[in-house]
Amino acid sequence: MRDQNAWLVFADECGQSLRPPKARTWSKRGHCPVVRVCGKGSGRVCLAGLVCCRPDERTRLIYRLLAHHGRKGEKKGFTEPDFAALLDDAHHQLGSDIVLVWDCETDGAPHGLVA
């Protein structure tokens, strides 16, 4: 990697629901212990991030955030073109080649980018 003068890039993505968790507490025997939670809390937040390292350089964090609010026609998560655009932007921002380290989990990975 030093010979190539490339950046070592670790990539991952995750998602989180915006719905509040169910609240439960104690109650008398025979009664369901449910506490109501205010607010609908619809949608999801998806995050794709790159941690970029190179010797004698400061470490960089490049990320993209996508919020899904349940509207018609709205994207629910990152697609293959979105992730490819993130990698392309990182390549241009870093100004050098990158060596990508990716967990290759096929559940959330775009199908065209799986190794």
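**Salt bridges**

I searched the whole structure for salt bridges and got four. My cut-off was a side-chain nitrogen of Lys or Arg within 4 Å of a carboxyl oxygen of Asp or Glu. Before going on, I noted that this is a predicted model, where local features need pLDDT of at least 70, side-chain atom pairs count only at pLDDT 80 or more, and totals for chains, interfaces and linings use all residues. I also noted that residues are numbered from 1 along each chain as its sequence is written, and that side-chain values use heavy atoms, with hydrogens and water left out.

I looked up D89 and found its side chain in a salt bridge with R64, at 2.9 Å from N to O. D89 sits in helix α1 and R64 in strand β5 (residues 60-68), so this pair ties together parts that are 25 residues apart in sequence. For the element names, I took helices (H or I, at least four residues) and strands (E, at least two) as DSSP runs, numbered from the N terminus.

How buried or exposed are these two? I used under 20% relative accessible area for buried, over 50% for exposed and partly exposed in between, with a 1.4 Å probe and protein chains only. D89 comes out partly exposed because its relative accessible area is 33%. R64 counts as partly exposed too, at 31%.

Next I checked D82, which forms a salt bridge with K75, the closest N and O atoms being 2.9 Å apart. D82 is partly exposed at 22% relative accessible area, and K75 is partly exposed at 39%. While there, I wrote down that salt bridges with shared partners join R54, E57 and R60 into one network.

E57 is partly exposed, given its 34% relative accessibility. R54 has a relative accessible area of 17%, so I put R54 down as buried.

**Aromatic rings**

How many aromatic pairs does a search of the whole structure find? I got one. The partners are F83 and W102, stacked at 5.0 Å centre to centre with 15 degrees between the planes. F83 is in helix α1 (residues 80-94) and W102 in strand β6 (residues 98-102), so the pair links distant parts of the chain, 19 residues apart. For the record, rings of Phe, Tyr and Trp (its six-membered ring) pair if their centres lie within 6.5 Å; planes under 30 degrees apart count as stacked, over 60 as edge-to-face and the rest as tilted. I checked burial as well: both F83 and W102 are buried.

**Nonpolar patch**

On the surface I found a nonpolar patch of F10, L47, V51, L61, Y63, L65 and V101, with about 620 Å² of accessible area together. Patch members need over 30% relative accessible area and no salt bridge; like charges are joined within 9 Å, and nonpolar side chains (Val, Leu, Ile, Met, Phe, Trp, Tyr) within 5 Å. The areas come from the Shrake-Rupley method with a 1.4 Å probe, and for residues only the protein chains shown count as cover.

Which strand gives the largest share of the patch? That is β5, with three residues. β4 (44-53) and β5 each supply at least two.

**Q4**

Last, I looked at Q4, in the segment before β1 (7-17). Q4 counts as exposed because its relative accessibility is 53%. Q4 and D97 are 93 residues apart in sequence, yet 7.8 Å apart in space, C-alpha to C-alpha.
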